[in-house]
Amino acid sequence: MIALPDGWSIEWLEEVDSTNEHLKRGSYQHGHVVVADRQTHGRGRRGAVWHSEPGGGLAFSVMLRPSEPRGLWPRLALAAGLAVAEGLGRLGIEAGVKWPNDVWIGDKKVAGILVEAVPEGAIVGIGLNVGTREFPEDISNTATSLWLADRVDRTREEVLEILLPPLAAWSARIGRDFGELLGSLRERCVLTGRAVTLDTAAGSESGVVRGIGDHGELLLESSDGIRPILQADQVRIT
Ligand code: BTN
């Protein structure tokens, strides 16, 4: 049994379609965590499939019922990314946040986050590559795992136990204490200073990232000046 943040609960499933979907089917308290050994229909953002082979990946979702207004809930994705990056730091692995939803080690993705709002709260789903030793050729240049970072064998339980406290702490700071969250996020933002191309609802735009603004938006500098980007389907480093 792992230690949990105060008031949180956990269930561990052998197999489920998707841990996010599992939480949608029930009525769960704030801080209920569901972890699955295997997801048959793991989902990523933008309808992508999330593969996590047994033993290689940690797939879990948390039901959060923030007291802050719904309009602030998108900040949970930033809180979750920061929490994962910080948790990996506690394991001795330097990790950064690729705004808005990914966690990177070096220039490769180690974790992805899918936040979905439901009537009673927000489901934060996290997929983290833990023990994967080799990725398929098509993603081996863009994906990494904790094992590939430092060759240490870790159980998913020990990794989860490290990640949950910062997740509880940062997800409680999307309101009045958001400035503190932003401060830590800015330190870990891997995009600052880099040239990127963003795919947004309005089309693609390119520029250089100048940081993260006071509402969690990406600040993109192009020939038109610095513009706030609130949402992007994809951010590619160019
Ligand atoms: C992304 O990078 O596109 C987000 C990936 C999110 C994957 C996690 S695994 C646990 C939870 N259950 C899902 O079906 N998806 C999320």
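The model is predicted: local features need pLDDT of at least 70, side-chain atom pairs count only at pLDDT 80 or more, and totals for chains, interfaces and linings use all residues. Residues are numbered from 1 along each chain as its sequence is written.

Q: Why is Val196 called buried?
A: A residue is buried if 20 or more other C-beta atoms lie within 10 Å of its own, exposed if 12 or fewer, and partly exposed in between, with C-beta atoms placed from the backbone. Val196 has 21 such atoms within 10 Å, so Val196 counts as buried.

Q: Which residues is Val196 in contact with, leaving aside its neighbours within four places in sequence?
A: Contact requires C-beta atoms, placed from the backbone, within 7 Å. On that basis the partners of Val196 are Leu191, Ser206, Gly207, Val209, Val235, Arg236, Ile237 and Thr238.

Q: What makes S5 and S6 a pair?
A: Strands are DSSP runs (E, at least two residues), numbered from the N terminus. Two of them pair if DSSP finds at least two bridges between them. Four bridges join S5 (residues 102-105) to S6 (residues 108-118), and the two run antiparallel. Trp104 stands opposite Lys109 in S6.

Q: What is the strand order of the open sheet?
A: Its seven strands run S1-S2-S3-S7-S6-S5-S4, with mixed pairing.

Q: Why do S1 and S4 stand at the edges?
A: S1 (9-16) and S4 (96-98) each have a single partner strand, so one side of each is left without a neighbour in the sheet.

How values were computed
Two residues are in contact if their C-beta atoms, placed from the backbone, lie within 7 Å.
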